[in-house]
Amino acid sequence: MAALDAQSAELEVREGVDRETIETVNAMAGKYKYGWETEIETEYAPKGLSEDIVRLISEKNGEPQWMLDWRLAAYERWLKMEEPRWAMLNYPEIDYQDQYYYAKPKSMDVKPKSLDEVDPKLLATYAKLGIPLKEQALLAGVEAPEGERRVAVDAVFDSVSVGTTFKAELAKAGVIFCSISEAVREHPELVQKYLGSVVPQSDNFFATLNSAVFSDGSFVYIPPGTKCPMELSTYFRINAENTGQFERTLIIADKGAYVSYLEGCTAPKRDTNQLHAAVVEIVILEDAEVKYSTVQNWYPGDENGKGGIYNFVTKRADCRGDRAKVMWTQVETGSAITWKYPSCILRGNDSQGEFYSIAIANNAQQADTGTKMIHLGKRTKSRIVSKGISAGRAQNTYRGLVSMHPKATDSRNYTQCDSLLIGDKCGAHTVPYIEVKNNSSRVEHEATTSKVDDDQLFYCRSRGMDEEEAVALVVNGFCREVLQALPMEFAMEAQSLVAISLEGSVG
Amino acid sequence: MLNINNLHVKLEEEDKVILKGVNLNIGPGEVHAIMGPNGSGKSTLSYVLSGRDGYEVTDGSASLEGAELLEMEPEERAAAGLFLAFQYPVEIPGVGNMTFLRTALNAQRKARGEEELSAGDFLKLVREKAKTLKIDADMLKRPVNVGFSGGEKKRNEILQMAVLEPKMCILDETDSGLDVDAMKLVSDGVNALRDGKRSFLVITHYQRLLDHIKPDVVHIMAAGRIIKTGGPELALEVENNGYADLLAEVQ
Amino acid sequence: MALPQAKQDALAARIAGLDLPQGGWLGAARSEALARLTAMGLPTKRDEYWRYTDPTLLTAPGACAAVFDDSDEPPVFDAIDRLKLVFTDGVFDAAASDNPALAGIEIERLALAGSADIHWAQGLYGVLETRGQNPVPRPLAALNSAFATDGILIRVTGKVAKPVSLIYRHKSDASDAILHHCIKLEAGAELTLLENGPAAARFLKVLEVEVGDGARFHHIRAQGRDHERLAATHIFARLGAEALFKSFTLTANGRMTRNDCVLELVGDDAKAHVAGAAMGDRSFHHDDTVFVTHAAERCESRQVFKKVLKNGAVGVFQGKILVKPGAQKTDGYQISQSLLLDDDSQFLAKPELEIYADDVKCSHGSTSGAIDETALYYLRSRGVPLKQAQSLLVLAFLAEAIAEIEDEAIADDIRGRLEGWLHRHES
C-alpha cells in the first residue's frame with residue numbers, strides 16, 4: 001500500500017516537472033553551480049601515501065588495532081596491484097604520491113557533540129548546497145509541509161563526517177545511522193562482521209586503495225522487521241585542494257528491514273584533477289529491501305577538459321537472504337572520469353536486483369559505467385535500464401555483466417540499454433557480457449543507439465522552445481523510466497541536472 | 001461423447017484448488033454452454049481437458065468416447081478428436097500458418113492410421129474452408145497468429161477447427177474481443193460444423209454468443225462447480241439478472 | 001614490448017613443422033605475416049577476445065586425430081549447379097575438380113601463385129588480414145597468411161553464371177590443413193561462393209574478399225556435421241560503394257569452431273549481412289566473433305546469429321559494430337539468440353556497439369532461454385507430437401538466420417539439412 005501511495009505521489013510531481021526543468025535551466029547562470037569553495041582552515045596529513053599515512057588516518061579516527069591491521073593488509077596488497085586499464089577511459093597516469101589522503105577542517109579537531117556545535121561555516125556550506133543540516137529540513141528544491149517527509153543526513157566534508165541528523169529519533173526505532181568512523185568505535189561487532197564481506201579487500205585496485213585509506217563515510221544498520229522511519233542520505237563534499245576523498249559506506253538491512261538511501265556529491269571547480277575512490281557495501285538479509293539512489297554531480301572539469309574529479313567507485317549489494325531486494329538508481333552527471341559498476345549478487349532464492357542509470361557525459365567527460373547482475377539463487381530476477389547521453393566530445397560507455405549460474409534456475413533478466421548522441425564529436429558505446437549457464441532462465445538484452453530525434457526537437461521548437469530547452473525536454477523524456485525510479489526529491493534535482501549538464505551541447 | 005466425472009483440479013505450483021468436483025456429460029451432436037463469473041474455473045476446465053501443464057488432477061476423471069483423456073498427451077487428445085479454440089491463441093513467429101496447419105493435420109491423420117494429405121489436396125481443402133471464414137491468402141502465409149488482430153486470431157482458430165474436423169470442440173470465450181461482424185462470421189463458421197454428430201462445449205461469460213450458437217443445454221459454473229443446469233432460457237436469465245441471484249440461490 | 005617467454009615458446013612449438021615458402025611477392029607477404037604473428041604471439045584464454053573460447057586445441061603444436069562421421073547422407077549443395085573446386089587434406093585436387101574455366105572469372109591456385117605475377121592478388125593477400133588485426137589481434141589469421149599450404153585466388157570481372165563451390169575432403173584422420181583464399185570482385189561483378197565438407201581434423205582458414213563498387217558477393221557455407229573436428233576460420237572483407245556482401249554459415253556439431261568475420265565498409269551505401277545458424281550437441285563449442293566497421297555513409301550492416309544447443313553444448317557470440325567518426329546515416333543491426341534445449345548447455349555473449357557518429361540507427365538484441373512452452377502446448381493441442389513440435393519450433397527459431405540466404409534453392413537445401421539433423425536427433 002505504501003509503495004502505491006509513493007508511486008502516485010511521484011506521478012503528481014512528474015506532471016509539472018518538465019516545465020520545472022525549463023525554468024531551472026533559465027534560472028541557472030553558471031554551468032556548474034556547486035563550483036565555489038568554502039574558505040576554511042584545513043588540516044592535512046603529509047602528501048603522498050605510505051604505511052605511516054595509513055597509520056595516521058587510523059589514529060585520527062581513534063580506531064582499534066583490528067581496524068588498523070585490516071587497513072595495513074589492504075595497503076600491502078595494493079602495493080602489488082596494477083591500475084586497471086580495460087575501461088574505455090583515457091586519462092593521464094595518476095600520481096598516487098601527489099595527493100593528500102587526509103584533510104579535515106581545523107574546527108573539527110574537537111568532535112562536536114551536536115549539530116549546534118558545528119562550525120557555522122560548514123553548516124553554511126551545506127545550506128548553500130541545499131542540504132540544511134537541521135532536523136526539520138528536507139533536501140533542496142522541494143516545498144513540503146514541515147515534518148511530512150524527512151530525510152536524515154550524514155554530511156561528509158573532505159575526510160570527515162561533520163554531523164548526522166535525526167540520530168536520536170532513528171535510534172528509537174533501533175536504526176543505527178552514523179559515520180563509519182563512529183561505527184568502528186561504537187559498533188565494532190557489526191563492522192567487523194560485515195566490512196569487506198561484500199567488496200573484499202582484494203576486489204580491485206581502487207577498492208583495495210580505499211580499504212587502506214578510507215577516512216570516513218556512513219554506516220547504516222536497520223534491525224530485523226524495521227522499516228526505517230525516514231529516508232537516509234549522505235552528502236559528500238570535496239573542498240580541499242589536491243585531496244582525494246575515499247569514503248566507505250556500509251549498509252546492513254537485517255531480516256525484513258527496509259531502507260531508502262540517498263547519496264549526493266559535489267566539489268569546487270579546480271584546474272587540477274582530484275581523485276575519488278569510494279566503496280559502498282550493502283548486505284541484505286532475508287525479506288529485506290534496500291533502495292540506493294545516487295545523484296553524482298562531482299565537478300566535471302571545464303569545456304576543455306581541464307580539471308574535474310576522477311571517480312573510481314566500487315558499489316555492490318549482496319542479497320544474502322531469500323526474497324532480498326535491492327534497487328540501484330544512479331544519475332551520473334558529474335566527474336571528468338567515471339568508473340563505476342553498482343552490482344547485485346543475487347544469492348538468496350527469489351531475490352531481486354534492479355539497476356536504473358542515467359549517465360550524461362558532455363564536453364570532455366568520459367564515463368564507463370554499468371552494472372553486474374550475478375544470479376546465484378533460484379528464481380532470481382534482475383532488471384537493467386540504462387540511459388546514456390553523450391554530447392560535446394564526451395565518451396560514454398555502458399559496461400555490464402549478466403551471469404546466470406547453473407544453479408540459478410528459473411531466473412530472469414531483462415536489460416534495456418539506450419544511448420543518445422548529441423553532436424558528431426562524441427561517442428556512445430555498449431559492452432555487455434551475457435553468460436547463461438542453465439536453460440530454464442531467460443535473458444533478454446536490448447540496446448539502441450540513436451541521435452536526438454529531429455522531429456521531436458522541431459515539434460518542441462515550433463511550440464516556442466529554444467534549442468537547448470527542446471533538447472533538455474527530449475532528453476528528460478528519454479530518461480523517464482529511470483527518473484521515475486528515483487525518490488521524489490532526487491527526481492526533481494536530477495531533471496534539472498540533466499538540463500544543466502547538457503548546456504552548451506547544441507548550436 | 002465427453003464425460004466428466006467429479007473432476008477436482010488444483011494448481012501444480014501452489015495450493016489453490018480451482019475445480020471442486022465438476023460433472024458434465026455431453027452426448028454426440030449436442031451443444032452445451034458453460035457460463036459463469038470470472039474466476040469460476042471455466043477456462044481451467046478447458047485447459048485441463050486439452051492437457052496444458054501446470055494443473056494437477058487430484059480426483060475424478062474425463063473421457064472422450066470412452067477413452068480416458070487425462071492420461072493422454074495433448075497431441076493424443078487432439079488425434080482422438082478433441083479441439084480447443086483458445087481464448088488467447090499464441091503467436092508463433094517463424095512458423096507459417098499453412099505449414100502449421102498441414103503439420104497438424106497430417107500428424108493427426110498419421111496417428112489415426114490414415115494417409116497423409118498431398119500438398120495439392122491440402123491446399124484445396126484449406127482454401128475452401130478459408131473462403132467461408134473470409135480468411136485471405138495473406139493471412140495463411142503469415143506466421144501463426146503473428147500480427148493478427150483479435151478477430152483474425154479467432155477466425156484462425158475456427159479455420160483450424162474446420163480443417164482438423166474434430167469430434168468434440170471446446171470454444172473458450174471465443175466471443176471475447178470480437179465486434180458484431182466478426183462474431184457473426186465466427187458463429188457461422190461454428191454452425192457450419194454442426195452436423196448432428198460433432199459435439200460442442202461453448203464457454204462464455206456473456207449470453208450474446210449464444211444468440212448465434214444456440215445451445216441445447218446451459219450450465220452455470222461458480223467456484224469450481226457446476227451449480228445449475230438448464231435449457232437456453234437459463235442463459236437469458238443470466239443476461240437479465242446477472243450471476244448474483246443464482247449464486248445466492250445456491251448458497 | 002617483447003613477448004613473454006611462455007608465449008614465444010608456444011609459438012615456436014606451433015610453427016616448428018610448418019613450411020614458409022620463400023620468393024616472389026607471396027614469399028614477401030608470408031614473411032610479413034610471420035613478423036605480425038611473432039609480435040602478437042598465439043592467443044590464450046586470458047586474451048579478451050578468447051575469454052569464452054579456450055584456444056588451446058587450436059594453438060597446440062599438432063592436431064589430434066578426428067573421428068569423421070561418414071554417413072551416407074548426400075552432401076549439401078548436391079542439387080545445385082556449380083563449379084566444383086575440391087581440396088583434399090588441404091591441397092587442391094585437380095582431378096576431383098571441375099575445369100576452372102568459366103566466363104567472367106579467373107581462378108588460380110595459391111600453391112602455384114608464388115612465382116606468377118598475379119598483380120591483383122598482391123594487393124589482397126594478407127592485406128585485408130593485416131587491416132583486420134586492429135584493434136583486435138587475430139594471430140591465427142596471421143599464422144595462416146604465413147604458412148597457408150594452398151588456397152584459391154579468384155578474380156571476378158563479370159556476373160558469374162553459376163556458383164563456385166569449394167569442397168573440402170579428407171583422407172587422413174589427423175590432417176591439419178591451412179588454406180587461404182582471396183577473392184577480388186571488380187566493380188559491378190557478382191559471385192556466389194559455396195563451401196562445404198569436413199576439411200580436416202584441424203582446419204585453419206582465411207578468406208579475404210574485396211568487394212568492388214557495386215559488386216555483389218554471396219557466401220553460403222555448411223560446416224561439417226562431424227563431431228571430432230576443430231576449425232578456426234576467418235573472413236576479412238572490404239566493401240566499396242554500393243557493394244553487397246552476404247555470408248551465411250550453417251554449423252552442425254564439431255568439437256570446436258571459431259568463426260571470425262571482419263568486415264569493413266569503406267564505400268558509401270554498402271551493405272553487409274552476416275548470419276549463422278548453429279546446432280550443437282554434446283561437446284560442441286561454437287564461437288561466432290564478428291567485427292563490423294562502418295567507415296562510410298549510409299551503409300547497412302546486419303548480424304543475425306542463432307544457436308540451438310543441447311547436452312552441454314556451448315555457444316559463443318562476440319559481435320561488434322564500430323561506427324567511425326563521419327559514418328553518418330549508418331544502420332547497424334545485430335541479433336544473437338540461443339535456444340537451450342536442456343540445462344547443461346551454455347550461451348555466452350558479448351554484443352558490442354562502439355559509435356562515434358551521431359546520425360545513426362544501431363541496435364542489438366540478445367536473448368537466451370528454453371523452448372517456448374506455450375507454443376509447444378499450442379502445437380500439441382492441434383495434434384502435433386512433442387518431438388515434431390519441438391523440431392518445428394527449432395526451425396522457426398533458426399528461420400530468421402536462414403532468411404538471410406537470397407537464393408531460394410540454396411536456402412531450401414540448408415533447410416533440408418537442418419530438418420535432417422533434427423530428424424536424426426529426434427530419436
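Trainee: In chain B, what share of the contacts with a separation of 6 or more comes from residues 24 or more positions apart?
Mentor: Such residues account for 68% of those contacts in chain B. Keep in mind that this is a predicted model.

Trainee: Noted. How many helices and strands does chain B have?
Mentor: Chain B has ten helices and ten strands.

Trainee: And what does the radius of gyration of chain B agree with?
Mentor: With a compact globule: 251 residues would give a radius near 18 Å, and chain B has 18 Å, so the two agree. The C-alpha trace of chain B spans about 60 × 40 × 35 Å along its principal axes.

Trainee: What percentage of chain B is buried?
Mentor: Buried residues are 55% of the 251 in chain B.

Trainee: Charges next. How many positive and negative ones are in chain B?
Mentor: There are 29 positive and 39 negative charges in chain B, and their mean positions lie 6 Å apart.

Trainee: Changing topic: how many residues do chain C and chain A put into their contact?
Mentor: Chain C gives 34 residues and chain A gives 32 residues. About 2,600 Å² is buried between chain C and chain A, with 48% of that area from carbon and sulfur atoms.

Trainee: Which three residues supply more than any other three of the area chain C buries there?
Mentor: C:Asp343, C:Tyr356 and C:Asp358, which supply 21% of the area that chain C buries against chain A.

Notes
Residues numbered from 1 in each chain as written. Chains lettered and ligands numbered in written order. Predicted model: local features only at pLDDT ≥ 70, side-chain atom pairs only at ≥ 80, totals over all residues. Heavy atoms only, no water. Helix = DSSP H or I, 4+ residues; strand = E, 2+ residues; numbered from the N terminus. Rg over C-alpha atoms; globule rule 2.2 N^0.38 Å. Buried < 20%, exposed > 50% of the residue type's maximum accessible area, 1.4 Å probe, protein only. Contact = heavy atoms within 4.5 Å. Lys, Arg positive; Asp, Glu negative; His and termini not counted. Charge placed at Lys NZ, Arg CZ, Asp CG, Glu CD. Buried area = accessible area lost by both parts, 1.4 Å probe.
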